[in-house]
Structures are given as structure tokens and as C-alpha cells.
There are 2 protein chains.
Amino acid sequence: MNIGAASKASGLPTKTVRYYADIGLVEAPSRTGAGYRSYDESAVRKLAFVRRAREFGFSIDECRGLLALYEDSNRSSADVKRIAEARLEEIERKQRELQCLHDELEHLVAACAGDGRPDCPIIDRLA
Amino acid sequence: MNIGAASKASGLPTKTVRYYADIGLVEAPSRTGAGYRSYDESAVRKLAFVRRAREFGFSIDECRGLLALYEDSNRSSADVKRIAEARLEEIERKQRELQCLHDELEHLVAACAGDGRPDCPIIDRLA
DNA sequence: CTTGACATTCCAGTAAGTGGAAGGATTAGT
DNA sequence: ACTAATCCTTCCACTTACTGGAATGTCAAG
């Protein structure tokens, strides 16, 4: 499987597949005589695994850890859970932060006349 | 006012103050004989304005626009409101996205035994 | 007069890719 | 067999918004 086919099968752009090989995340198992990267089913599964983990917001480094656990049939689910819990806390922290921003900004937007006059509570709040 | 004093007064690190000058966001009004940047009250107000706008999550480019409006005594509050509304929608989009992630991840974390066995619904979901 | 705190510039790195150029390989169609 | 289109390769630059550090210059105090 050339990189284009692996890209389609995994759902990642070829650029990203190549990038993941560059940083040693998911390497192509071999190269053809012409130097083309050659992906097999197992590599494609790993690429798709990483894609899904990234969609969950796991960092590349976390993906590295998850991938190692994915490949380790003797893993402890506790190890996976720890990573996921850390990510969950991060999400919750970000949610609280966004909620504060949202509420204050919504308040300001509501208070702003939005007409041709220069008076603006949004600017006032920033000044 | 040297950059250190302007930094303290505005609440931005000196590195950032220098960076904002480099990208033409908030330039120091003048330089001393030795080449030190010299900030006045007005420049410090702009720096602090940008700091607060950044805390609201406005991008540097949005800050550029807000700063121009801040300085324009003939501004229309409608122009400010447009920028703020765009930011608000962005926040709401991100909130929805995070909520989805949160719910699914929380579900998975709850379903994971977190013990020494390898069976793990989190890994299963990513595989 | 020296020490310490400040200032300067420039280079490099961060996260996670994306875009593009220059050039080689393969495949389809004629 | 030739050619065009598509695919692949590497390498370099760019993105966001800074941050860290090195080498060097300046200023105020004791």
C-alpha cells in the first residue's frame, strides 16, 4: 500500500502520514525499490488509531503513550485510564475557562448598542 | 519609561512587549540615545488594552482591529460588536465541541475498570 | 570602578501540521 | 514507444503567539 492508499484508508492526509513517520509516531514498515513508503494493514490501523485519539484531543505525546499501550497485550487498563482522566480534567478546565469568557463576552455584546455611535461597553471593558 | 517599567505597568512580559513592537502591534513611541525603547502612558494603555483583549481570546489580528477602533473616536460600536460576536460564536462552537468530547470521554473513563487487566473500552473505542 | 540589573539583537524552538517547489516513478492511453 | 497525468520523494518555509537563551551594551549604586 503506497502512502496515498494508506492515507485514504486511515483518514489522514498524506502530509500528516509522512509527518507521523518523520517524528517516529507511525513508521511505514518498509520502502519499495523506488523509495516509496509501503504501509500494511497493521500500520494503517495504527494511523487510524492515532487519528481517533487526536480527534479526542490527545496530544501527539499522549498518542505515543496510547499507541504503546494499544500494542501491548499485557497492558493494564489503569494506565490507559490515567491518561484519559488527565485529558478529561484538561477538558473540564478548558470548559470552565470558556464558560467565564462566554458569559462575560455575551454580557458585553448584549450591552453594546451596535449602532453608528462610538460609545461601546466592549471597548470600555478592554480600556 | 523603559521596557521593564512598561512591562510591569501593562502586565505583559518584556519579551511580549518587544514582540508586539516587532509585529507592529504596539510600537514604542521613541528610543533613548542608547537605543532603549521608551514607552509613554498612551503606549502602556494600548499594551494593557491588548493584554485584556488577548485574555478574552481575541487573536492578534482581532486585537489589531480592536486597537484601531479603540483609537478611533469616530468608531461605530457596530464594528466592535461584529468582532465580539464573531468571537462569541467561536467560543460557542468550541464549547459544543468540548461538550461532545467530554461526554464521550467521561463515559469511557467510567466504563474502564482501571485495574491490572488489559481489557479497556478506551482503547477499544480508538482501535 | 565594579557589580548587578537592566537593555539590545538575533537565533532557535514550541505543537502539529500545511503549502509548495523541484524532481523521480508509475500508470493509462494512444 | 511516447506522452500526459498522477503519484511519490525530499526539503524548505510558513502558521500562532510567543518564550528561552546567548552574546553584548548601558546605566545606577556603593
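Okay, quick definition before anything else: when I say contact, I mean heavy atoms within 4.5 Å. Keep that in your head, and remember that what we're looking at is a predicted model.

So, chain A. Take the contacts with a separation of 6 or more: 42% of those are between residues 24 or more positions apart.

What is chain A built from? It has 6 helices and 2 strands. Start at the N terminus and you walk through α-α-β-β-α-α-α-α.

Of the 127 residues in chain A, 39% are buried. The accessible surface of the chain is about 6700 Å², with 47% of that on carbon and sulfur atoms. As for charge, count 20 positive side chains and 21 negative ones in chain A, with the centres of the two sets 8 Å apart.

Okay, on to the partner. How many residues does each chain bring to the contact between chain A and chain B? Chain A brings 48 residues, and chain B brings 48 residues too. Together the two chains bury about 4300 Å², and 71% of that is on carbon and sulfur atoms. On the chain B side, have a look at Phe56(B), Ile123(B) and Leu126(B): they supply 17% of the area chain B buries against chain A, more than any other three residues.

That's my bit, thanks!

How values were computed:
Residues numbered from 1 in each chain as written. Chains lettered and ligands numbered in written order. Predicted model: local features only at pLDDT ≥ 70, side-chain atom pairs only at ≥ 80, totals over all residues. Heavy atoms only, no water. Helix = DSSP H or I, 4+ residues; strand = E, 2+ residues; numbered from the N terminus. Buried < 20%, exposed > 50% of the residue type's maximum accessible area, 1.4 Å probe, protein only. Areas by Shrake-Rupley, 256 points an atom, 1.4 Å probe, with all protein chains shown as cover. Lys, Arg positive; Asp, Glu negative; His and termini not counted. Charge placed at Lys NZ, Arg CZ, Asp CG, Glu CD. Buried area = accessible area lost by both parts, 1.4 Å probe.
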